[in-house]
Amino acid sequence: MKRGTNLKSKKYRYNFLDIFVIKKTNLFWKVVDYLSFKLEKLGNLYEKVFSKNYVRESKIFDISESKNILHIGCGAYPITTITLAKFNGGNIVGIDKNQKAVEKADYIIRKKGFIDRVKIEKGNGESYPVDKFDAIIVSSCSIPKLKILEHLFNSAKSDCKIIIRESVGPGKLVSTYIDAYDGSISFIKKIHNYTFPTFHWDSFYLLKK
Ligand SMILES: C[S@@+](CC[C@H](N)C(=O)[O-])C[C@H]1O[C@@H](n2cnc3c(N)ncnc32)[C@H](O)[C@@H]1O
């Protein structure tokens with residue numbers, strides 16, 4: 001497949017159920033992020049419950065050695081960047097395209113004393129410069145997912161680990177896109193995550209050749 005693929009083709013359209021799942025999931029995370037920012041106890045519980053999945057993901061995908069890590073879609077309560085700061089010795093950048101989320105995430109990172117190794121910045125996963133990162137994590141809420149993947153697949157440096165989180169249904173389209181890409185992306189493995197019985201998502205581990 002030629003780079004700069006025509007993502008408008010029918011092949012890359014989400015079906016109605018996928019769109020519903022994406023909207024429902026994004027709303028859930030946004031509300032929980034916001035309430036966790038407001039209510040410290042809820043924030044600590046949120047961190048405790050979800051960081052377990054992120055530690056497991058980091059261990060299985062072995063990003064402990066990655067020096068420069070980017071998290072696309074950090075949100076108002078940046079659990080992923082906090083977990084990485086606790087688990088990984090490298091430098092972490094969290095970006096969000098929403099200015100309010102960036103201000104809140106920056107406040108949380110300062111409050112938790114990670115400001116020396118974590119930078120929170122306004123940025124869009126569709127265009128943010130990614131060529132210096134050893135590992136890039138794409139949050140499940142980052143949209144439009146395939147446009148973000150196209151940017152990463154085209155611009156990430158060789159040997160960069162690209163970790164994509166996606167809700168189960170819409171994940172099929174991510175697989176289709178990865179399979180069809182021009183061979184410069186290797187699929188390494190996929191793990192399934194779930195926190196509550198009703199809350200599942202997949203994490204894809206890819207490598208830029
Ligand atoms: C609700 S958070 C959830 C992440 C969770 N806080 C964590 O640490 O894993 C997801 C965020 O992704 C952001 N987002 C969505 N699309 C994006 C994009 N293309 N580029 C950057 N941020 C994006 C949204 O603004 C939202 O704040």
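This is a predicted model: local features need pLDDT of at least 70, side-chain atom pairs count only at pLDDT 80 or more; totals for chains, interfaces and linings use all residues.
Local features are reported only where pLDDT is at least 70, side-chain atom pairs count only at pLDDT 80 or more, and totals for chains, interfaces and linings use all residues. Residues are numbered from 1 along each chain as its sequence is written, and side-chain values use heavy atoms, with hydrogens and water left out.

The shell around the ligand holds 23 residues, of which Asp33, Cys74, Thr80, Asp96 and Ile143 come nearest; a residue counts as near if one of its heavy atoms lies within 4 Å of the molecule. By class, this shell has nine nonpolar, nine polar and five charged residues, where Ala, Val, Leu, Ile, Met, Phe, Trp, Tyr, Cys and Pro are taken as nonpolar, Asp, Glu, Lys and Arg as charged, and the others, Gly among them, as polar. The helices α1 (16-38) and α3 (79-87) each supply at least two residues of the shell, and the largest share, three residues, comes from α1; helices (H or I, at least four residues) and strands (E, at least two) are DSSP runs numbered from the N terminus.

A polar side-chain atom of Asp33 lies 2.9 Å from a ligand nitrogen atom, a polar backbone atom of Cys74 is 2.8 Å from a nitrogen atom of the ligand, and an N or O atom in the side chain of Asn124 is 3.0 Å from a ligand nitrogen. Taken alone the ligand exposes 600 Å², and the protein buries 97% of that, with areas computed by the Shrake-Rupley method with a 1.4 Å probe.

The ligand takes up the space of the largest pocket, meaning that more than half of its atoms lie within 2 Å of the pocket's grid points. A pocket is an open set of points, on a 1 Å grid over the protein atoms alone, where a 1.4 Å probe fits and protein lies on both sides within 12 Å along at least five of seven lines; lining residues have an atom within 4 Å of a point. The lining comprises 15 nonpolar, twelve polar and eight charged residues, and its largest share, five residues, comes from α1.

Two backbone features lie in loops. A cis peptide bond, with omega of about -10 degrees, joins Ile143 and Pro144, and Pro144 is found between β4 (135-138) and α5 (145-155). Asp62, a residue other than glycine, has a positive phi near 50 degrees.

Terms used:
A polar contact is a pair of N or O atoms within 3.5 Å; within protein, one must be able to donate a hydrogen and the other to accept it, and residues adjacent in sequence count only if both atoms are side-chain atoms.
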